[in-house]
Amino acid sequence: MASSSVTRSRDVKLKGVPASPGIAVGRVLRLDERGRHQFYYIGVSAAQSRMEVRRLREALQEARAQLQVIKVRLAKQLGYEHSFILDAHLLMLEDARLIEELEHDIRTRRVNAEWAVRSVADRAIDAYKQVNDSYLRERTSDLEDVATRLLTILSGHDKFDLSKLDQDVIIVAKNIWPSTVAELDFKRVLGFATNSGGLTSHSAIIARSLGIPAVVGLHDVTRLAKTGNSIVIDGSEGCVILRPTKPVLTAYLAKRKREASHRARPAANTAQPAETTDGARITLRANVELHTEIESLPLFGAEGVGLYRSEFLFLTRLPELPGEDEQYDLYRKLAEATGEAGANIRVFDLGGDKLTLEGFEAEQNPALGLRAIRLSLRVEHIFRTQLRAILRANLHGRLRVVLPLISTITELREAKRIIADVKQEMAEARVEHNAELPIGVMIEVPAAALMADVFAREADFLSVGTNDLIQYVLAVDRANENVAHLYQPLHPAILRTIAHLVRVAESQQVALELCGEMAADPLQAIALIGLGIRTLSLVPGSIPLVKNAIRSVELQRVRSLMKDAMKLASSREVEELLARELPRQAPRFFAAWSSRA
Amino acid sequence: MQERTVTISNRLGLHARAAARLVRRASQFNSSVKLLREDTGETADGKSILSVLLLAASRGTSLIIKVEGDDEERALNALAELVEQKFGEELSDGVF
């Protein structure tokens with residue numbers, strides 16, 4: 001290529017965390033104003049300072065009005081649990097002391113309103129940072145959000161009216177805040193790319209619930225991308241290409257078309273069973289994070305909920321947790337919505353990267369620390385409250401509980417003892433409930449996989465959680481960009497582990513389910529059924545796609561293909577085998593699908 | 001001026017929600033409301049969320065509520081009651 005004097009390099013590929021699947025191609029809309037807004041120091045006269053005080057008061061009023069509107073929209077779009085954060089913002093804008101301090105700054109230091117907002121906010125933020133309380137330190141981001149809103153109003157150039165975008169955009173930002181999401185015109189937003197965040201970050205959850213592609217954890221995408229640049233987001237692979245050249249763009253447009261032809265059109269195959277050409281019936285269930293997703297499950301043809309991540313509902317409210325009645329209401333809705341097909345509630349999987357409860361300090365190695373069932377058994381009253389809510393809600397449907405991160409049989413026995421105890425207490429107190437509550441063990445820890453036969457004897461069912469299982473078997477944190485390439489779902493070690501679990505489940509006659517992102521990838525999902533998995537739980541939006549893949553293959557042939565795959569030496573060889581053989585076996589689906597990066 | 005010593009007994013202490021309830025209630029009265037942490041001597045304006053949050057009063061913290069004004073008695077009773085009732089957060093068995 002001859003050109004070289006271009007100031008902006010093309011085809012800049014950034015690797016991040018795949019947060020929400022799909023491909024988006026479009027123009028960047030960069031929202032870096034959410035960080036530190038531009039502001040200027042202007043000295044003013046006594047007369048002018050009265051003007052500045054008036055500007056400040058108007059800005060405060062405008063900010064409050066904006067937040068009221070946003071709060072209503074947010075509650076409508078994402079549910080009440082996400083609007084809580086805005087209450088804190090509103091109270092700050094009503095805080096008489098804060099307003100007094102701002103006005104005092106303007107009057108005595110003779111500065112413009114912008115400067116007063118910036119310096120008062122900085123002083124307050126500093127004060128909070130001094131306090132030895134992690135919850136309070138997090139409130140500084142709320143203060144920053146409020147200050148930024150005021151500065152944006154004051155400086156007049158309200159960058160974009162996000163609710164009235166005139167063209168389709170891909171949002172590039174440090175982070176997607178709940179208040180930003182509420183302002184967005186979703187019809188125009190094709191995807192997100194953010195600097196920070198992991199799979200469980202707000203940005204990721206929101207993108208998945210909206211069904212738009214997103215890549216998070218990109219570190220410095222806001223520095224490299226400018227508003228108006230062309231951009232490609234591959235939410236399935238977890239990468240972003242800035243200013244793509246024509247050949248790259250063409251390749252991604254083709255890939256997007258392939259995916260689109262398989263994806264979406266939820267209604268198209270909801271009535272059809274997920275059945276292979278040789279008549280093997282696969283059950284496809286939904287993973288649910290946001291409560292609002294429950295209503296849309298029938299659209300995608302989900303057969304109940306295989307994984308209800310109970311802690312996600314409350315992440316914006318931690319360290320507070322909801323009381324029994326509030327949980328009961330949510331679980332009851334879940335039970336009623338899923339009916340006979342039922343729902344597996346994974347008990348609070350807190351700790352680790354998903355925020356800690358108050359009173360527990362950050363750990364050196366949270367992935368191996370006090371989290372999930374370990375935390376539930378330690379903070380038993382929280383566990384008991386959740387169990388009571390589930391047992392009561394179970395009157396209205398078919399609920400089951402799944403215990404996350406079990407590593408020894410004593411944890412299962414202890415949890416079962418507590419569950420039995422709670423049931424007895426409720427019976428004695430004559431609290432209405434349905435004690436028919438099957439208990440499942442999540443197989444995520446290698447020890448649990450190796451000991452699956454022991455767990456199978458004492459649990460009602462087993463549920464493989466591939467996201468964590470892969471992380472622990474391969475000792476790879478996929479959010480860590482230095483080792484993310486070693487996170488290989490098709491590593492033969494993973495295939496052998498799953499095959500072992502299938503054998504154990506068959507010989508012990510215990511139900512086996514599998515949930516995780518592997519199940520949402522058509523190629524990997526076929527690999528899983530080839531290994532003998534019969535029940536998959538995945539993000540609802542991917543169910544129609546995976547169902548099409550299942551309906552295109554013959555189970556017998558896929559089984560023998562996977563027998564060969566397990567003998568291979570590396571993930572790479574497995575991928576090559578599948579990419580070569582599946583299009584031959586099932587051209588209807590995989591011929592168009594293959595040639596993945 | 002009237003004052004009374006209360007102990008924060010809800011599980012989460014004076015965090016956002018509890019602080020918000022306290023500030024809203026305090027703002028309903030004409031009297032000025034000061035909160036004094038017994039252990040550290042820090043004070044806060046009971047009508048300011050930012051100020052109340054900065055106390056970082058966790059469960060077990062003793063606070064002196066000082067109220068001054070024409071409706072001080074009613075204000076003090078209302079605020080002490082709110083704290084004693086754990087800010088209305090903990091119904092049923094008081095788990096959360």
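Analyst: Ile233(A) lies opposite Val240(A), a residue of strand 8 of chain A. The model is a predicted one, in which local features need pLDDT of at least 70, side-chain atom pairs count only at pLDDT 80 or more, and totals for chains, interfaces and linings use all residues. Residues are numbered from 1 along each chain as its sequence is written, while chains are lettered from A and ligands numbered from 1 in the order in which they are written.

Strand 7 (residues 230-234) of chain A and strand 8 (residues 239-242) of chain A run antiparallel and are joined by four bridges. Strands here are DSSP runs of E with at least two residues, helices are runs of H or I with at least four residues, and both are numbered from the N terminus. Two strands pair if DSSP finds at least two bridges between them.

The sheet in chain A is open and consists of eight strands in the order 1-8-7-3-4-5-6-2, with mixed pairing. Its edges are strand 1 (12-15) and strand 2 (17-20) of chain A, each of which pairs on one side only. On average, neighbouring strands of this sheet are turned by 30° against each other, direction ignored.

Elsewhere in chain A, helix 11 (residues 324-338) packs against helix 13 (residues 380-393) at an angle of about 40°, and their axes are 8 Å apart. Axes are lines fitted to C-alpha atoms, for helices over the stretch in contact, and angles run from 0 to 180 degrees between N-to-C directions. Helix 11 of chain A is therefore oblique to helix 13 of chain A; under 35 degrees counts as roughly parallel, over 145 as roughly antiparallel, 65 to 115 as roughly perpendicular and the rest as oblique. By class, the contact of these two helices has six nonpolar, three polar and four charged residues. Ala, Val, Leu, Ile, Met, Phe, Trp, Tyr, Cys and Pro count as nonpolar, Asp, Glu, Lys and Arg as charged, and the others, Gly among them, as polar.

The contact between the chains takes 26 residues from chain A and 19 residues from chain B, where contact requires C-beta atoms, placed from the backbone, within 7 Å. Among the elements of chain A that give two or more residues to the side touching chain B are helix 11 and helix 13. Helix 2 of chain A gives the most to that side, with four residues. By class, the side of chain A that touches chain B has 14 nonpolar, three polar and nine charged residues.

Terms used
Two residues are in contact if their C-beta atoms, placed from the backbone, lie within 7 Å.
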